[in-house]
Amino acid sequence: MRDLTVATYRILTRLPLEQAASAIAGEQSTGTFVSVRGETDDLRARHGAVVLELTEIPAAASESLPGARGDGPPRAALVKIGFPLENTGPSLTNLFPVVAGNLYELRELAGLKLVDLDLPAAFGEAYLPARFAVEGTRRLAGRPGGVLIGTIVKPNVGLRPADYVDLVRELGLAGADFIKDDEVNADCPPAPLPQRIRAVTAALDEVERRTGRRPMYAFNISDEPDRMLRNHDLVVASGGTCVMVNLNVVGFPSAAMLRRHARVPIHAHVTGLGALARHPGIGVGHVAYQKLARLTGIDHLHCGGFHSKFYVTDDEVALMVQAVREPLLGGFPCLPVLSSAQWAGTAPVAFERTGTTDLLVLAGGGVLGHPDGPAAGIASIRQAWAAATAGVPLHEVDSPELVRALEHFGGVVPR
């Protein structure tokens with residue numbers, strides 16, 4: 001029996017469903033649009049992908065991809081296709097072009113979305129799992145229990161190194177567990193990364209001297225691979241305890257390379273994921289995506305946010321968090337990150353839908369936009385989570401920071 005990577009797709013086609021599924025299997029393994037010399041029965045038996053399961057489902061009312069063949073009404077199906085491990089080996093570099101490569105260009109398909117992946121055990125042996133994940137992050141952040149509360153440096157861009165000193169000091173003294181660079185601000189002016197590292201580290205040193213706790217700061221080290229490793233080393237040499245990468249920018253193989261090198265947690269931002277996941281008829285779904293991401297060994301993964309300002313629904317966020325918390329190939333733990341318009345008021349729905357406090361909640365406007373300042377913003381979120389986990393409605397909590405947050409934000413999403 002061959003070891004197979006099993007990819008589950010939601011397809012839309014105007015052709016017979018079996019024909020469309022066979023086109024996927026053939027195109028991504030031994031076949032092409034004509035027979036070629038060397039494509040023997042023996043080679044197909046060993047290396048050909050196979051359609052394992054096909055289940056017709058209702059076709060959603062959505063526009064077909066341009067150039068799709070066929071004149072009939074579109075039909076939809078969930079299709080499971082097995083790709084021989086021998087074709088790719090346990091390699092993300094080889095796997096992604098197979099399960100999410102030239103399939104989207106096939107004219108047999110009027111829609112295609114990769115929704116899940118079942119990977120052979122060999123992938124778990126080839127890649128390093130996260131070194132820190134939940135427990136290691138808690139230890140480094142000095143928060144052994146309860147939800148981890150963090151924020152993002154705002155404004156996203158335009159701050160000078162001296163501005164970081166003041167803001168990070170204020171956030172650290174306010175009780176933040178975690179602070180991060182924005183995804184749009186890596187090693188770029190007006191605060192080049194080396195200067196930003198020095199400024200932030202000085203602020204964190206002061207916070208630690210005054211409070212005995214050192215917040216975790218995720219420096220955005222996203223860059224070309226050699227520079228990314230250099231950036232990591234700058235952070236570690238300065239006493240930093242976390243690095244951040246834009247996963248879809250640096251790529252899965254580069255993130256796996258960073259994991260082999262890294263001595264601190266890797267915070268993975270998923271900027272650009274909407275281009276892959278937003279449309280129901282094309283792309284890569286969140287569940288399949290998070291498996292590929294976790295294989296790289298990242299410690300934290302953004303999962304969206306409840307009552308988000310972005311397109312994701314609460315159901316999608318809950319599914320993503322659940323998927324990230326499930327063991328992958330017997331391990332690969334990861335800390336789910338909630339972000340996008342999170343504030344005190346989203347604590348009840350977040351706890352209800354996830355059932356856990358093993359979360360990193362990032363609130364930009366929800367912290368920095370509190371009318372009484374960042375310390376009150378952080379306090380309000382911590383108070384809200386304490387109430388939510390105890391089953392107490394927020395309006396019954398007599399804590400001034402939470403009361404002010406509810407009055408100030410109300411039904412307005414803090415951005």
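The model is predicted. Its secondary structure consists of 18 helices and 13 strands. The chain has a radius of gyration of 23 Å, close to the 22 Å that the globule rule gives for 415 residues, so the chain is as compact as a globular protein of that length.

**Overall dimensions and contacts**

- The C-alpha trace spans about 75 × 45 × 35 Å along its principal axes.
- Among contacts in the chain with a separation of 6 or more, 77% are between residues 24 or more positions apart.

**Burial, surface and charge**

- Of the 415 residues in the chain, 55% are buried.
- The chain has an accessible surface of about 17500 Å², and carbon and sulfur atoms account for 53% of this area.
- There are 39 positive and 44 negative side chains in the chain, and the centres of these two sets lie 4 Å apart.

**Nonpolar cores**

- The largest nonpolar core contains 112 residues.
- Within this core, the residues with the most contacts are Tyr9, Val99, Leu114 and Leu301.
- Leu114 touches Ala7, Thr8 and Tyr9, as well as Val99, Ala100 and Tyr104, when residues up to four places away in sequence are not counted.
- On that basis, the residues that Leu114 touches also include Gly283, Val284, Gly285 and Ala288.
- Another core, of 13 residues, lies apart from the largest one, and its members include Leu148, Leu335, Val337 and Leu362.

Technical notes. Residues numbered from 1 in each chain as written. Predicted model: local features only at pLDDT ≥ 70, side-chain atom pairs only at ≥ 80, totals over all residues. Heavy atoms only, no water. Helix = DSSP H or I, 4+ residues; strand = E, 2+ residues; numbered from the N terminus. Rg over C-alpha atoms; globule rule 2.2 N^0.38 Å. Buried < 20%, exposed > 50% of the residue type's maximum accessible area, 1.4 Å probe, protein only. Contact = heavy atoms within 4.5 Å. Areas by Shrake-Rupley, 256 points an atom, 1.4 Å probe, with all protein chains shown as cover. Lys, Arg positive; Asp, Glu negative; His and termini not counted. Charge placed at Lys NZ, Arg CZ, Asp CG, Glu CD. Core = buried A, V, L, I, M, F, W, Y, C linked by side-chain atoms within 4.5 Å.
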